[in-house]
Amino acid sequence: MRLEVDITGKTFRSAAGGTHEVLAPVKFALQSGEVGVLIGPSGCGKSTMLRIILGLDHDFAGHIARPPEARIGMVFQEPRLLPWRSVEQNVRLAAPDVTEAKLSELFRILELEAHRSHYPGELSLGLARRVALARAFAVEPDILVLDEPLASLDDALAGRLRDEIATLVASRPVLTLLVTHSLDDAVRLGDRLFFLSPRPARIVAEVPIGIPRDTRGEAEIAAIKAGLAQRTQGDRTERDVS
Amino acid sequence: MLRLLSFSLFLAIWWIAALLVGGAKLPSPPAVLQVMIAEASSGALFLHLGATLARVALAFTLAMSLGSAIGYLMGRVKLADRLGDPWLILLLNLPALVVIVLAYIWAGLTEAAAITAIAINKLPTAIVTLREGTRALDRSLDEMASVFAMPRWRAFRHVVLPQLAPYIAASARSGLSLVWKIVLVAELLGRPNGVGFEIGVAFQLFDTPRLLAYSLTFAAVVLVIETLLVQPFEARANRWRPRAA
């Protein structure tokens with residue numbers, strides 16, 4: 001499975017009649033088993049890019065190649081659960097073929113067993129996020145898209161969920177696209193990092209991480225981050241000058 | 001309990017008023033009850049009530065299903081909204097009496113004419129309510145359904161319909177009361193049976209106890225339908241909402 005993104009541009013017509021460029025040319029490709037990370041400042045057009053890749057927005061110039069039969073699992077920025085369906089129904093509606101064993105395992109990993117029959121309105125944001133993760137994994141996706149899945153969670157919980165994402169991603173061959181503005185998440189989860197510029201977004205740097213995810217210790221992570229910090233520092237001074 | 005208390009208060013006021021103005025204009029509750037029992041034992045009450053209920057059921061179902069479908073379409077498709085809007089405004093402002101009289105002139109004093117005329121009166125309000133409901137649909141949930149490749153019907157049933165349920169309930173409730181009122185006019189003008197016909201007869205004879213006996217029985221039936229059908233539907237549609245403590 002291979003995802004090829006070749007967006008040559010995306011403009012947005014404002015109510016006042018002017019046109020705004022949201023995306024500059026963006027081109028990258030990902031393979032099954034890879035975790036690609038899109039990192040960029042807020043408002044740079046990451047969400048627009050995701051919508052285009054997911055086929056929700058067809059009004060753009062360029063081309064997206066993904067196998068039409070590819071199953072997509074998605075964790076949106078907000079959990080986007082159906083408030084009128086229970087936690088279990090929410091997962092089953094997206095993944096009708098999921099087996100009871102698989103479902104139980106997911107609920108156990110994400111510690112949702114006690115909440116199966118609860119409605120999303122009764123859950124905290126952290127729990128709702130986990131349900132959204134369970135839903136995305138239950139479909140056994142070929143392409144997994146995570147849009148800031150850990151934003152606005154406390155560090156301890158974010159850390160645990162990040163480990164769970166890593167475990168789940170490792171458990172099957174899946175092409176993962178993670179959008180985040182946390183360098184820490186990016187370095188811990190990603191195989192290839194794409195740094196995006198402010199609007200209109202373009203890729204300013206593509207950084208592969210050579211060390212496999214499961215052998216990345218705290219020391220390695222700190223070293224990668226230090227390397228990246230130097231780079232981005234350079235970028236920032238450049239921008240300040242211009 | 002509170003409802004019962006409020007109902008007894010209504011009876012008490014009625015009774016006192018009846019004593020004040022006299023039985024000819026406003027008969028007392030027992031007098032009306034007597035007529036009710038007489039009409040019920042002769043079977044006439046059930047015949048007329050049944051005829052009216054059947055008309056209400058048919059016209060209501062027709063207007064609700066057609067109105068919901070058109071309203072949903074107009075909420076989703078801009079072109080349909082543009083094309084349908086002038087018709088909608090026309091229908092909304094057409095007096096019920098005009099529709100009924102025209103229907104009887106064009107289609108004769110038939111059952112079909114009566115039911116169509118009643119349905120046409122209810123149709124535009126159902127369309128307007130459902131159009132609003134459709135416009136208020138959460139697009140982010142549509143996107144979720146589309147990303148997870150939910151089949152159309154499943155997405156409609158589990159994503160769209162629960163969002164429309166409060167609008168359908170509101171439309172059903174206001175629609176039911178509208179249809180109740182109009183069905184009597186249609187019966188008065190051109191049907192040989194039904195509560196409206198009986199009220200017409202009572203009016204010609206200035207028979208107030210009979211008039212009240214029929215209209216109150218009818219109101220009681222409406223109350224029962226509201227409590228047994230509409231309210232449970234609303235409660236079911238809203239059971240996922242966190243209840244206020």
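Which residue in β10(A) does A:Leu193 stand opposite? I looked it up: A:Leu193 stands opposite A:Val207. I note that the model is predicted, so local features need pLDDT of at least 70, side-chain atom pairs count only at pLDDT 80 or more, and totals for chains, interfaces and linings use all residues. Residues are numbered from 1 along each chain as its sequence is written, while chains are lettered from A and ligands numbered from 1 in the order in which they are written.

Sheet. I find β9 (residues 192-196) of chain A paired with β10(A) in the antiparallel sense over five bridges (strands pair if DSSP finds at least two bridges between them). Both belong to an open, mixed sheet of six strands, in the order β6-β7-β8-β4-β9-β10 (chain A). Helices (H or I, at least four residues) and strands (E, at least two) are DSSP runs, numbered from the N terminus. The edge strands of chain A are β6 and β10 (203-208), each pairing on one side only. I read an average twist of 15° from one strand to the next (axes are lines fitted to C-alpha atoms, for helices over the stretch in contact; angles run from 0 to 180 degrees between N-to-C directions).

Helices. In chain A, α1 (residues 46-53) packs on the sheet and touches β4 (35-39), β7 (143-147), β8 (175-180) and β9, with its direction at about 155° to that of β7(A). Contact means C-beta atoms, placed from the backbone, within 7 Å. Helix α4 (residues 125-138) of chain A also packs there, touching β6 and β7, at about 170° to the direction of β6(A).

Chain contact. I record 16 residues from chain A and 15 residues from chain B. On the chain A side, β6 (72-75) and α2 (87-94) are the elements that give two or more residues.

Conventions
Two residues are in contact if their C-beta atoms, placed from the backbone, lie within 7 Å.
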